[in-house]
Amino acid sequence: MRNFLPFCLAVALYGGVSGSAALAADNMGEQSSVAQPELVHEPLSIRSGNGTHQFSIEVAKTPKEQEIGEMFRTNIPADRGMLFVWPYPQQSDMWMKNTLSSLDIVFIGSDHRIQSIVEDTVPESLAHVSSHGPVIATLELRGGETARLGISVGDTVSVPSLDKRKS
């Protein structure tokens, strides 16, 4: 999954392409065909009207990790997912290119509440999946999990990466 806006903004914010942003830029023209190794995991909980749901999520921190996301993975376990934390509240536009499994994409607002959910995305689709407004993070879960667990807009997300995030 790629989120073009954060990459472009990262380049603008840091005054050019350098470090890991340079790596991502260099590789954007090269098409990877393998899943990235598992990233660092953190516990994430979502408090909803019917209880608290626990996940072990990977955190995509660098532009390259965010660019690849869950591409080429053939199985997303029910209690797993991937979190993309943005440097400041911003529009988040994702897509499913090279993503082989359906995902629920959960957009998290600055109050740590779920702002919107796009359920059961279409694998390998090039259609943009949008937050429709500024968010501080985007969470990907296995397709159908939010409906199965009763997770909805307004539920509260707790994860160390959001707690450490600068306001």
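## Report on a predicted protein chain

In this predicted model, strand 3 and strand 6 (residues 129-142) run antiparallel and are joined by nine bridges. Within this pairing, glutamine 90 has valine 135 of strand 6 standing opposite.

Glutamate 58 is found opposite methionine 82 in strand 3. Strand 2 (residues 51-60) in turn runs antiparallel to strand 1 (residues 41-48), and eight bridges join the two. Serine 45 has glutamine 54 of strand 2 as the residue standing opposite.

| Strands | Sense | Bridges |
|---|---|---|
| strand 1 (residues 41-48) and strand 2 (residues 51-60) | antiparallel | eight bridges |
| strand 3 and strand 6 (residues 129-142) | antiparallel | nine bridges |

**The chain as a whole**

Beyond the sheet, the secondary structure of the protein chain includes helices: the totals are five helices and seven strands. Along the sequence these elements follow the pattern α-α-β-β-α-β-β-β-β-α-β-α. The protein chain has 167 residues, and 49% of them are buried. Its accessible surface is about 7,800 Å², with 55% of that area belonging to carbon and sulfur atoms. Among contacts with a separation of 6 or more, 74% are made between residues 24 or more positions apart.

**An aromatic pair**

One aromatic pair is present in the structure. The ring centres of phenylalanine 84 and tryptophan 86 lie 5.9 Å apart and the ring planes meet at 25 degrees; the limit for stacking is under 30 degrees, so this pair is stacked. Phenylalanine 84 has a relative accessible area of 0% and is therefore buried. Tryptophan 86 is buried as well, with a relative accessible area of 2%.

**Residues in the loops**

Valine 34 is located in the loop between helix 2 (19-28) and strand 1. Its relative accessibility is 53%, and valine 34 therefore counts as exposed.

Asparagine 98, which is not a glycine, has a phi of about 60 degrees. Asparagine 98 is placed in the loop between strand 3 and strand 4 (103-108). With 15% relative accessibility, against a cut-off of under 20%, asparagine 98 counts as buried.

Histidine 112, likewise a residue other than glycine, has a positive phi near 70 degrees. The loop that holds histidine 112 lies between strand 4 and strand 5. The relative accessible area of histidine 112 is 18%, and this residue is therefore buried.

How values were computed: Residues numbered from 1 in each chain as written. Predicted model: local features only at pLDDT ≥ 70, side-chain atom pairs only at ≥ 80, totals over all residues. Heavy atoms only, no water. Helix = DSSP H or I, 4+ residues; strand = E, 2+ residues; numbered from the N terminus. Buried < 20%, exposed > 50% of the residue type's maximum accessible area, 1.4 Å probe, protein only. Contact = heavy atoms within 4.5 Å. Areas by Shrake-Rupley, 256 points an atom, 1.4 Å probe, with all protein chains shown as cover. Pairing = 2+ DSSP bridges. Phe/Tyr/Trp six-rings, centres within 6.5 Å; stacked < 30°, edge-to-face > 60°.
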